[in-house]
Every structure is written in structure tokens, then in C-alpha cells.
Amino acid sequence: MASLYEGPVQALIDELGRLPGVGPKSAQRIAFHLLKLPDEDAHRLAKVIVEAKERVSWCERCFNIAEGYLCSYCADERRDPTIICVVEEPRDIVAVEKTREFRGRYHVLQGSISPIEGIGPDQLRIRELLRRVDGDDVREVILATNPNVEGEATALYLARVLRPLGVEVTRIASDLPVGGDLEYADEITLGRALEGRRSLDDTDA
């Protein structure tokens, strides 16, 4: 199919269209918005994107975003290292932190099990989680994956592989709406879900 616009414009639309949740029409609308920006605004946006790519990486312990070896949560000695809250994405940590109910450490899976999308346990940071639990003095792992089909499947799988390590495995309570994402939950509801977490036993996996 021939390009609808001149080379650089079409290239910009194509790249924007590769972003999650951005369809062809949205990509076109964003592209023309960017073209209307003053030069200094466009250059500032380009600069912060490049800087983020150059300076931000993954925490080598929990796989949250970080500017150095460890993220701010792993580097904070005041946090309880014996409790790990497992989330799907770094943005979920922000949602949990807003509740002010959790003072342990985190582990970011960087996704969830989704056979439809070809994502299995090997594509997630599960091996790293098992190494942390097996090697550190961890007493509880809280599974705070999203309350949807993929999140539940991921939680059940994690409970099954964590249980032989002798750690208590809990799941956040079902206060959250089914099919939702942690990042969209209000802090009161998510706080109650954390506070009311339940232990996962053999009947759950």
C-alpha cells in the first residue's frame, strides 16, 4: 500500500502506530499535533525520550525501572526484605505504593502468562523470583497480579512453583473488579485488597 503522506511524515505516523493502544487514526492525529508544536517543544520531547532510553534500565534485583544497579525500593534499607509483593508491571508498584499499606520489597514479572499472545513462564521474570525466595530470608510472597484471566493464571502458576520453597504464598483479596488492572484501582480499594489478602493452599492451584 502506497504511503499517504511525504516520507518523514509517514515514517512518524508509522512509528507512532507501533505504540500500544495507538491505532492508525490516533497515530495520524498525534503526528500532526507534533508537527504543529514549536521547535523547542518538539526538541524537548525528543530529548527526554533519548535520555530515558539512555539512563533508565531494569533493577537487577526486582526488575522495576531504575537509573542504577538497584531501584529506589530495593535500595531503601527501611523496607522489609522478608516480604515480596509480585506485580506484573512497574506501573503496578505505583498503585500499591499509593495505598501506604505495604512496606516490603517488590518483584516485577514484566508481564503475565498469556498463551494467546505466546507468553509463557519462560518469558517472565519467574526464575529470578524463585532465586530470590530460595536464596534470601523471604517469609511471604504476595501475589498482586491483575484480577483478570491472565493475572489469575499467573498467580496460580506462581503459587504452585513457590510452595515447595516453604514460603507463605498469599493473594490479594477480591475487592478489585474482575477484569481490571491494578494501575486503575483506587488506593482505598487496593489497600483493602492488600490488607485482606488470603493464603493460597493446595486447593487453589
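Predicted model: local features only at pLDDT ≥ 70, side-chain atom pairs only at ≥ 80, totals over all residues.
A residue is called buried here when its relative accessible area is under 20%, and exposed when that value is over 50%. With that cut-off in hand, the reader can turn to helix H6, which spans residues 126–135 and whose buried residues are Ile126, Glu128, Leu129, Arg132 and Val133. Viewed down the axis of H6, these buried residues fall within an arc of 160 degrees, so they line one face of the helix. Arg131, Asp134 and Gly135, by contrast, are exposed and sit on the other side of H6.

The protein chain has a mean pLDDT of 87, with 84% of its residues reaching 70 or more. Among the elements of the chain, strand E4 has the highest mean pLDDT, at 97, whereas helix H8, covering residues 187–195, has the lowest, at 63.

Strand E4 also takes part in the aromatic contacts. A search of the whole structure finds two aromatic pairs, and one of them joins Tyr73 to Tyr106 in an edge-to-face arrangement, with 5.5 Å from centre to centre and 70 degrees between the planes. Tyr73 belongs to helix H4 (residues 72–75) and Tyr106 to strand E4 (residues 104–108), so this pair ties together parts that lie 33 residues apart in sequence. Both tyrosines, Tyr73 and Tyr106, are buried. Ring pairs link these two residues and Phe102 into a cluster.

Sorted by class, the lining of the largest pocket holds eight nonpolar residues and two charged ones, with no polar residues.

A last stop is helix H7, which runs over residues 149–162 and contains Ala153. Is Ala153 buried, partly exposed or exposed? Because its relative accessibility is 34%, Ala153 counts as partly exposed, a value that falls between the limits of 20% and 50%. The C-alpha atom of Ala153 is separated by 8.2 Å from that of Ser112, although the two residues are 41 residues apart along the chain.

How values were computed: Residues numbered from 1 in each chain as written. Heavy atoms only, no water. Phe/Tyr/Trp six-rings, centres within 6.5 Å; stacked < 30°, edge-to-face > 60°. Helix = DSSP H or I, 4+ residues; strand = E, 2+ residues; numbered from the N terminus. Buried < 20%, exposed > 50% of the residue type's maximum accessible area, 1.4 Å probe, protein only. Nonpolar A, V, L, I, M, F, W, Y, C, P; charged D, E, K, R; others polar. pLDDT = per-residue confidence, 0-100. Arc of directions from axis to C-beta.
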